[in-house]
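Work through the following exercises on aromatic ring geometry, using the sequence and coordinates shown here.

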Amino acid sequence: MKFRTTITDLQKRNQQGKKIVMVTAYDATFARIVEEAGVDVMLVGDSLGMVVQGKENTLSVTMEEMLYHTTMVASAAKKSLVIADMPFLSYQGDIDDAIKNAGRLLQCGATAVKLEGSLGILDRISAMVEFGIPVMAHLGMTPQSVHQLGGYRVQAKLQSEVDRLVDDVKALESAGVFAVVLEAIPADAAEQVTAAVAIPTIGIGAGPACDGQVLVLYDLLGLFDGFVPKFVKQYAQLKAESIKALREFKRDVEDGKFPSGSESYD
Ligand code: KIV
């Protein structure tokens, strides 16, 4: 029997130079599919605000919603490591609230939490780690700061910004995070960050030098085509496939071809 992937397993993979594979999941059915494909890490991302709830950004996702989706994913995932995003305003305020919210996500079955930011939340990260809550950081283009960043724009284009990013990731590493997601930064910037720290870097739109890669499941499967960023590779066209299947179902019903005898009880 294979036990659930642990943070230590991830660290070992990284030390052995093996890439870490992470994909988002929001419900039990997809969690089972992702796990059967052998993916190391499932992220219950607050991107669910956009791809599941149809919102413009991730800001309105609540703690209760994250707990609900984390429970579904963690109940279905038996082997993959499950990481839950801490939603906007669940860790930016009071330190006690931040720890309690992170702990609630672990009580729902997550092994770790992910949060966006660096210096402004170092005290919360240290406290979580101190209390046994593994933390993954998220820097570069941080979607919860979309308004401050003026949109979903590539970050760290200037060397001075890359230097600051390297310093931030070093500070996060010292505070105890076990990995960092780097989103939408130039490949060279991600390479510099990756070389500067021992913790694994997981890229999304951050080039090939990262220690692992993450994609939003609905992007990867071609289910969500509202906006397809440059860094997305669609490995399937499930939206088109789904529409085709549904049109066929509609035609069959309208033509009286469904249900046939084999789909009916005697
Ligand atoms: O919410 C999310 O899906 C994420 C990934 C884009 C890394 O944070």
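**The aromatic cluster**

Tyr26, Phe30 and Tyr218 form one aromatic cluster. The model is predicted, so that local features need pLDDT of at least 70 and side-chain atom pairs count only at pLDDT 80 or more, while totals for chains, interfaces and linings use all residues. Residues are numbered from 1 along each chain as its sequence is written, and side-chain values use heavy atoms, with hydrogens and water left out.

**Exercise 1.** Classify the pair formed by the rings of Tyr26 and Tyr218.

*Solution.* Rings of Phe, Tyr and Trp (its six-membered ring) pair if their centres lie within 6.5 Å, and planes under 30 degrees apart count as stacked, over 60 as edge-to-face and the rest as tilted. By this rule the count comes to 3 aromatic pairs. For Tyr26 and Tyr218 the centres lie 5.5 Å apart and the planes stand at 80°, so the pair is edge-to-face.

**Exercise 2.** Determine whether Tyr26 and Tyr218 are buried or exposed.

*Solution.* Buried means under 20% relative accessible area, exposed over 50%, and partly exposed in between (1.4 Å probe, protein chains only). Tyr26, at 2% relative accessibility, counts as buried, and Tyr218, at 14%, counts as buried too.

**Exercise 3.** Describe the pair of Phe30 and Tyr218.

*Solution.* This aromatic pair is tilted, with 5.7 Å from centre to centre and 50° between the planes. Phe30, at 17% relative accessibility, counts as buried.
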